[in-house]
Structure formats: structure tokens, C-alpha cells
Amino acid sequence: MKILMALIKKEFLQIIRDPSSIIIAFVLPLLSILIYMYGVNLDSVKVTLGIKNDDPNSEISTLVKSFGHSKYVNSIVFNNEKELTEAITRSKIKGAVIIPNDFSTKLSRGQSGDLLIITDGSEVNTANYVQSYSTSIANGWLNTSKFRRLANPVVVNPELRIWYNQDLNSHYFILPGSISVTMTLIGILLTALVVAREWERGTMEALLSTQVRKIDIVLGKYIPYFTLGMISMMFNVFLCVGVFKVPFRGNFLVLFSVSALFLFTLLGVGLTISSKLKNQFLASQVSLGIGFLPALLLSGLMFPINSMPKFFQILTMILPPRYFITFIESEFMAGGVNSIRLINAFFLTILGLFLFALVYKSTDMRLKN
Amino acid sequence: MNTVTITNLTKTFNNLTAINNLSLDIEKGKITGLIGADGAGKTTLIRLIIGLLLPDSGNVEVLGLNPFTQKPELVSKIGYMPQKFGLYEDLTVIENLKLYADLKNQPYDFDKMLEFTSLEPFQDRLAGALSGGMKQKLGLACTLLGTPEFLLLDEPSVGVDPISRRDLMKMVREMISPETTVLWSTAYLDEAHSFDTAVVLDKGKVIYNGKPHDLASTPQEFEEKVIELMGGYKNEPSKIAENYTYNKTFNFDPSPQPSPTRGEGENSSISLPNSPQKGKDVITCTVEADKLEKKYGNFYAVKNNSFCINRGEIFGLLGPNGAGKSTSFKMMCGLTKPTSGTARIMGIDILKNPAKARSNLGYMAQKFSLYGQLTVRQNLQFFAAAYGIGLLDRKKRVDEIIEVFDFQDVQNQKSEDLPLGFKQRLSLACALIHNPPILFLDEPTSGVDVIARREFWNHITSLAKKGVTILVTTHFMDEAEFCDRISLFYKGEAIAVGTPDELKRQAALLNPSPKSSPAREEEGLPTMEDTFITLIKESEE
């Protein structure tokens, strides 16, 4: 016990003296939240469309106007086809609507009028927006114009209710999700270097020639960085909830308990890397590769896990951030959903214990060469 | 009574036999010195004895315990100081002591230890900020906590000045009880000569085990005998120096005048082999320090340092750790900006024209500063390019260097895997690749075994004879004897400058009857080590 306490005290002294730990624990979350807050935006944005009206009928000019009134679209009116083409080529406009000169004539005859919608297939998402916005604006116009008898009668009237995130503000789920990515980085980076450092500086050799037991070495690394990680987690949550006013509907006690489990698995990843590689440079490279990229790409934060290929879906099952992201998004936006809390906490516990065993096994009590 | 009994011990690392069927007994209550060339297996043997490594075959018994199965019981009885001392550099002196006291379940009773190490005023200083000698003392203090029955020290005196080395020895001798066994691996043969027993290792085998005095009565003879045991050293003409071609860009003052800082009396400068031609750039000193000063806050790291080194001269900077040698060095090659004063290399001001001045310089740093991941050949190619050797000449030059330095067999090996002696030769090769007229060597032989050191100095003195000016720092006092002139540094100031004999005479005057030791030279002059210590003590008073 005395030995463990001495090792923990030593590690804390090193944390305090080493600015990089403090930077990782506190500056990194701040930067990351600022980037996710102001740099990443998944909300639908206004698309700029070009409109060319070849139909002289005055009724049709109201269609052109309704494009101008839409809150989803910025419209620019073109009279010249060449200019329109060039504007698309230069990405000044993301698509175009061309109203042919027989549009109103056909509608007056009770036939269906053709509308040409051009989209930019090089940006698939935007192309979809252009298509759906233009169609819905045209249909909306039809219902209010003098041709409204041609419109299909509205049988079903959808009443829209958005649960969990009324304003569809993407920051409300990105920021909590970003905590998960940040914590992954922090948890792994903090610990990836600390065992390797002892090997490189030769202090491990000295430790191993004292009465230090294996469990002392392992816990002597887990406990200090767990403490630091939890403080960093609180700082993250404070930034999200206190500074950026992301609504929190769950229970803080549950949030921090599950975070503790998450951190426990991450420290396991970092310490395994560090104990195996025994080289600080290599360890830091590997931990970025193992820590950051999967947390960002495969955790379900950016891309839904359901739409991934089967192989990657299975792969995500061993990634701690996957469980934590599901949990933290639900805890923030939906509040306490016990089934989500339990299942994710369960998997994190399993992973954490497995990694702890791995760290214990990877801790060498003798030199290899 | 034996503390350690080793029978038929073998240990290999990837086909390399480090310990080869070795049997050895280490007597209780004695100080045993472990001597051997780099890669002879000293460190491996020590690590096997305390169970940090597992052997391939053979048995070891230490204090009645088997280190391979009973390591937890064993470690509580021993004190082990690894080569890197095992100190936490970001912890203070007292925090390191407390940590190791806790790890060894000892009370916080450091008064005697602090007094002994004279670390008391530095208790709150970070271990990383201590000088080399103080680090070693602190490492030893941590090792001695809990009065171990068996003390193992792996090259504790590498890179330490003579004063600290004596302190270290004194500390060990006074802090241990008569029953304590000590195993001390060392590259200093004078140190080993003073021990009870000397064990000489070569290629993983014991080639001598007995009383040092049975082998030779003086440290000098002991060194010769040990070298003989280790296969002998043949003093062949240096191929490296033969291959060196002096770049005649600069011309010199035809008559080598004694420089202003040069001491009076005998002039030991080596006669210049190439008679200098008269020309435009006539310079007296190839390397010149002009009132160099470096201040950190109120603290003078180097104070008013001036000297002038002539062509082909070996100029030694000696002094305790932390005296300002390295700082002077860094200022001389333009790596640190002096607070005032300047340095001139071949007459070129290092502050005004650093790139041009440095192009005349070959620099060998204290630590191995080549690319460990690159092979020997790749390192040479890189440095050839970095020193501006054209693409066409580069391959030829690299081939030449590989041949001259005998790198043929290792040229495709990663340089980090080479034994220390090879690494040091490679560093010298990289420093010489552009045939510089000046060489700066910062503790070039630190940690290198005695034969490699002899070879190294053979090259250096031969190079000097070809006109290369050499500025060198060292902690080996026998190496100081190779210098034409020495500047003794202490607390940032040069306290004495002169030839080795001049300094010895100066010391003899100050200290007319140095304690009689068999190490005294015929003329009645003190040894270089005694000279060093006497002069430093004198300047203290």
C-alpha cells in the first residue's frame, strides 16, 4: 500500500511538472469544442439556385418569386442560358430550375407541365437538397396558383413533431459526441507515453530492482491518470453545458459514472500501447491511429453505424467510443433511458476489465534484452 | 562465504552470445570491480545477477536466493544503480529520495545522506537540473537507502569529473558495512585497481579473476596488463589521419608564435608538417575565443574566457561537471549566443558569419547524435550531403571513409545497434567527412572502453600532426596528457592554462607533499588527477 501511494504521489508530481499533461487534459478539450461548435455544422444550409424563366405568362412569374421567398433557397434569375451554365461550372450556383416557354400553356390545357431541374452531381448531398427543395417549392406554388385544381388533393396532412431536438440544432448532438472523441484522445494520449517514458529514461529498470509489485506499477499508472481524466471530463461537460448551453436532460451522476467506465477502458488502451511498445514516439503515433481515427470515423458520430458495411459494423463493437457516444447523446438529448445506460455501461465494463487484464499481462517485470 | 555463485551461465540475444558459459564467485564483504570492453557482457551479467534478465541456461545464487524464481525476496536485500541512475528528472532531489525510501520501506531519514552527498543546499532542485556528478551522487544515495547487503553499480562513474569520482568512491566505502558486498562495473582501470578483486570480462567469459595488485602494482601497469588480457592494443599508424587531406584554403602566419594566453616556459606545440604558404589571409590562431561570456540571469556560466589555439594543436578543456565547458563549446561553434565576446574559427567571426565559420568545423557531440534508424552508410551519406559535398564526389568519399574507418562489415547495420566504440568511431567519421581543418570533440570517449579510447587518441594525435586543430573536453585524466595545452575550467573561469607539465609543476608548488601514492610519476610530479584536484581546491580558497 505504501509503495502504491508513493508511486501515485510520484506520478502526480510528474503530471504537475509536465505541461504536456495539462495541455492534453484542458487545452485539447477547449480547442476541440471550439472547433466542433464553430467549425462543424450539419444543419441544412441555404442553397443558391439559378432560375431561368422562358414562359412569358405573368402567372409564372409568381413561381419565380416563390423561389425567392423560400427560406431554404437563394435564387438568382438568369436570362441567358450561357451565363447559367457558366455559373454552375464555377459553382456559383448549386443547381438551376428552367421553366420552358410552354409551361403555362400545358398547365392551362390541363396537361402536366415539365420543369427542368439541374443539379450538381459532384456534391451528392447538395444535389439531393436542390432536387427536393425545388420540387416542394414548385408543388407549393401549384397549390396557391390559379392552376390549383390540377394539384392532387391532399389526403394526408403530416403534423411534424421533432423529438429530443426541437430546433434540429446539430450542435446539440455534435458537442456531446465530440466529448466522446476528445475523451478518447485524452484518455489514450495521457497514458500512452507514461510507461514508455519510464523504459526510455531507465527509471523502470530502477523500479524493477525494488520491491515494487506488478499491481503497484499498473495501479500506480491507472489511478493518477483516471483522476486527471475525470477532472478533464468535468471540464468538458462544463464547457458544453455551462458555456455553450447545450441542453442536458439526463442525470449528472449517471453521466459521470458511465464516463468513469469509459475512461477506464481508454486508460487500458493507452497503457497497453505504452507497455508493449516501450518507445514514446511509436506509442504516440500508434495511439493517434488507434485512438483518434476510429473514434471519429467508426464510432457513429459522423456516420451512422447502421449504414456501414457489415465488417465495420462488427469492428465497431470493440471500440469503446461507440458505446459512449450512444450513451452520451441519449443522456444529453433524451434524458435517462435506462436500457441505453445499462447496455452501454455493461459493454464498457467488459472492455475495461479485458483491457485491464491485458495491461497487467503486458507489464514486464524483467527486461527483454 | 560467497555472495554470488554463478555456474555455467549463458545468455544470448538474437544469436548474439552476451554471456558464454560463465562461472564466477563473488566474495562477501569485498568490493569487486567488473572490467571489460564494450559489449563484453558487464551490464548483462549484472542484470542476470539481480534477476532483471532470465538466462538461457545456468544457475545463479545470490545471497542464498535464486534471482530467477525468488526475485521479490532478493530485491529487498540489494541495491542496484543502473547506468542511467534511475532518477526521476522531473522530481526534486528530496522527492526522489522520499520516493525510493517509500519503495524500499525505509524511514525519511536523509540527513546523513544529504550531508555526505553535499546535496543539502540543492534539496529542492529538480534532479534533471543537477550536474552529472550530483546526479550520480543522488542516484547512489537512492541506491544506498535501506543499507543493502549487496550493492551493484553499473558504471557509476561514466562522464563524471575526477573530484566527483573520488567523492563517489568515498561515499561507497564509508556508507557500507564490512559485510556489504559491492559489484562495481567500470571503465576506469585506476578505479578497478583500488578494489579488492578485479574480474575482467571478454566476450561473455571471465578472463581474469583475482586481486588487482597480483596483476600489477600501479594503475598504469594494471591498465597495460588488462589491455593485454583483452587481446592487446597494437599501436598502428592511423589510417584515418593518413587519409586526411588538409584543405589549404587558409594560410598561416609562417612562424607559430606563442599566443597571448599561452603559458611561458616550454613550448610543446607540434612542428607543422606542411610549411605554410604566404598569402592573403594570414591568421595566427585557427581557433580563438575572445572574451567569451555567458550569463544566465545573475549567474555566470562562462566568464571572460579567452584563448588562442594554434594550428595542429590539441587544446583540452578540463573541469568539473557544470564548470562551463559545454557552454563554452556551444558558444565556440555558434550553437549558443554569447552574452558578450565572440569566437573566431579560422579567423572568421562565428557571430557575424556562422555558416562560413562552421564549414571549417567537424563537431562530435557528447551524446551519440547520429540517426539511429539509419545505417552506417546512410549516416555518412547524409553528413556528406549536409556538409556540402557534391553528389558526384559523395559516393567516392563515403566509400573511402568506410574503408578507412573499417566499416565494411557494419556499413548496412542500423547505427543504433552498434556497440558504443563503433558509434563513437562513426561520430568521428561523420565529423571528418568534409576534411575540416578543425575538430571539436565534446567528451568523445565517455563510456568507451580502454582499448577503443587508445585507438581513438591515436587517430586524434595523428590528425593533429597533419595540422588539424583540436579542441577537446574530457574527464579522463590520462587523456589530458595527450593535450598540448590544457585550460582548467572552474565555476565558469579558466583558473589555469598551460601544458600538462606546467600545470603539474604549478600544483606541486601549491601542494609540496602530495600524499604519497604509487601513481606518482618518476619526476616527482603529481599525477594529472592530483593536479586537477589540487588546482581546483586552491581556486576555492
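1. Domain bounds are those of an automatic or database domain assignment. On that basis, chain A consists of domain 1 (13-40 + 169-362) and domain 2 (47-150). Taken over C-alpha atoms, the centres of domain 1 of chain A and domain 2 of chain A are separated by 49 Å.

2. This is a predicted model, in which local features need pLDDT of at least 70 and side-chain atom pairs count only at pLDDT 80 or more, while totals for chains, interfaces and linings use all residues. Residues are numbered from 1 along each chain as its sequence is written, and chains are lettered from A and ligands numbered from 1 in the order in which they are written.

3. Chain A holds 15 helices and four strands (DSSP runs numbered from the N terminus: helices are H or I with at least four residues, strands are E with at least two). The radius of gyration of chain A, taken over C-alpha atoms, is 29 Å, well over the 21 Å given for 369 residues by the globule rule (2.2 Å times the number of residues to the power 0.38), so chain A is more spread out than a compact globule. The C-alpha trace of chain A spans about 95 × 45 × 40 Å along its principal axes.

4. Two residues are in contact if their C-beta atoms, placed from the backbone, lie within 7 Å. By this criterion, 21 residues of chain A are in contact with 24 residues of chain B. Helix 1 (2-17) and helix 9 (203-208) of chain A each supply at least two residues of the side of chain A that touches chain B; the largest share, seven residues, comes from helix 1 of chain A.

5. A residue is buried if 20 or more other C-beta atoms, placed from the backbone, lie within 10 Å of its own, exposed if 12 or fewer, and partly exposed in between. Of the 369 residues of chain A, 40% count as buried. In helix 11 of chain A, 19 of the 26 residues are buried, so this helix is largely enclosed by the rest of the structure.

6. A:Leu219 is placed in helix 10 (residues 214-243) of chain A. A:Leu219 counts as partly exposed, with 17 C-beta neighbours inside 10 Å. Between A:Leu219 and A:Tyr360 there are 141 residues of sequence separation and 9.4 Å in space, C-alpha to C-alpha.
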